[in-house]
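Morning, everyone. One structure today, and I will keep it short. Please have a look at the model first.

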Amino acid sequence: MKKVIHRAPTRGHADHGWLETYHTFSFADYCHPQRIRFGALRVLNDDTVAPGKGFGIHPHENMEIVSIPLSGALRHGDNMGHMQTLRPGQIQVMSAGTGIAHSEYNASGTESVKFLQIWVLPDHAGHTPRYERIALSESRRNTLRPIVAPEGCGGEHVGWIHQNAWFHTLEQTEGDTAEYRMRIPGNGAYLFVLEGRIRTDGEELGPRDGIGLWETEDLTITGATDARTLIVEVPMRI
């Protein structure tokens, strides 16, 4: 098994007043030659947007984009006519494909909104743009909850993207141990700790630490404390 570890304090950081953002991989003004991507996982941004503020209309193309709210309410609008508000327990998935323009604003005038925005490189360029908002299934302790899968591999509470990639969340009580098995040989898994502490492959990781693991068929994740983790499995050869 091979691995790469990204500790929370080593991430790129910018504070624009209305936006505080942390970048696990190179993004905007943060450029790190050893942190361009993890396989098909290109962007993992950890954003906090001030009340009433947000990102104006801007374009994307040829990228699969997943937004996961952690607290607060995120308002999405796009040039396909969607205008929806996203809250914890929901995710939104966009295939930018041949081109999409959208905006993201904090829907509250009093509370900050915290969310992850994750970009995955698609299986090929030129897909038809699409958008969906998904209500996730209820999370159960020490059970992998699928939230994103390739087209045809998910279900009612799972978003889909144009890539052989799977996203899961995992909530654990201290001492719980879960096994994750790669869906496709040759894929890798990137673990991003949202809360608490976990142990995997002899490493202990805390909040907002990340670890990428590959050249393995499975891995073991143990809650060093009560913990919540995002697991993103992606192809390593792009």
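Predicted model: local features only at pLDDT ≥ 70, side-chain atom pairs only at ≥ 80, totals over all residues.

Now the secondary structure. The protein chain has 22 strands and 0 helices.

Next, overall dimensions. Along the principal axes, the C-alpha atoms fill a box of roughly 45 × 40 × 40 Å. Is the chain a compact globule by its radius of gyration, or what does that value say? For 238 residues, a compact globule would come out near 18 Å, and the protein chain has 17 Å, so the two agree.

Of the 238 residues, 51% count as buried.

Now the surface. The accessible surface is about 10500 Å². Carbon and sulfur atoms hold 47% of that. On charge, there are 29 negative side chains and 23 positive ones. The centres of the two sets lie 2 Å apart.

That is the chain. On to the loops.

Start with Thr216. Where does Thr216 sit? Thr216 is in the loop between strand S20, residues 210-214, and strand S21, residues 218-223. Buried or exposed? Thr216 counts as buried, because its relative accessibility is 16% and the cut-off for buried is under 20%. Look at the side chain. A polar atom of the Thr216 side chain lies 2.8 Å from the backbone oxygen of Asp218. Then set aside the neighbours within four places in sequence. Thr216 is in contact with Met1, Met182 and Asn187.

The other two residues are about backbone angles. Most residues other than glycine have a negative phi. Here are two with a positive one.

Ala28 has a phi near 55°. Ala28 lies in the loop between strand S3, 19-23, and strand S4, 41-49. With a relative accessibility of 67%, Ala28 counts as exposed.

Asn62 also is not a glycine, and its phi is positive, about 50°. Which loop holds Asn62? The one between strand S5, 54-60, and strand S6, 64-71. Asn62 is partly exposed, because its relative accessible area is 25%.

Thr216 is buried. Ala28 is exposed. Asn62 is partly exposed.

How values were computed: Residues numbered from 1 in each chain as written. Heavy atoms only, no water. Helix = DSSP H or I, 4+ residues; strand = E, 2+ residues; numbered from the N terminus. Rg over C-alpha atoms; globule rule 2.2 N^0.38 Å. Buried < 20%, exposed > 50% of the residue type's maximum accessible area, 1.4 Å probe, protein only. Areas by Shrake-Rupley, 256 points an atom, 1.4 Å probe, with all protein chains shown as cover. Lys, Arg positive; Asp, Glu negative; His and termini not counted. Charge placed at Lys NZ, Arg CZ, Asp CG, Glu CD. Polar contact = N/O pair within 3.5 Å; in protein donor to acceptor, adjacent residues only side chain to side chain. Contact = heavy atoms within 4.5 Å.
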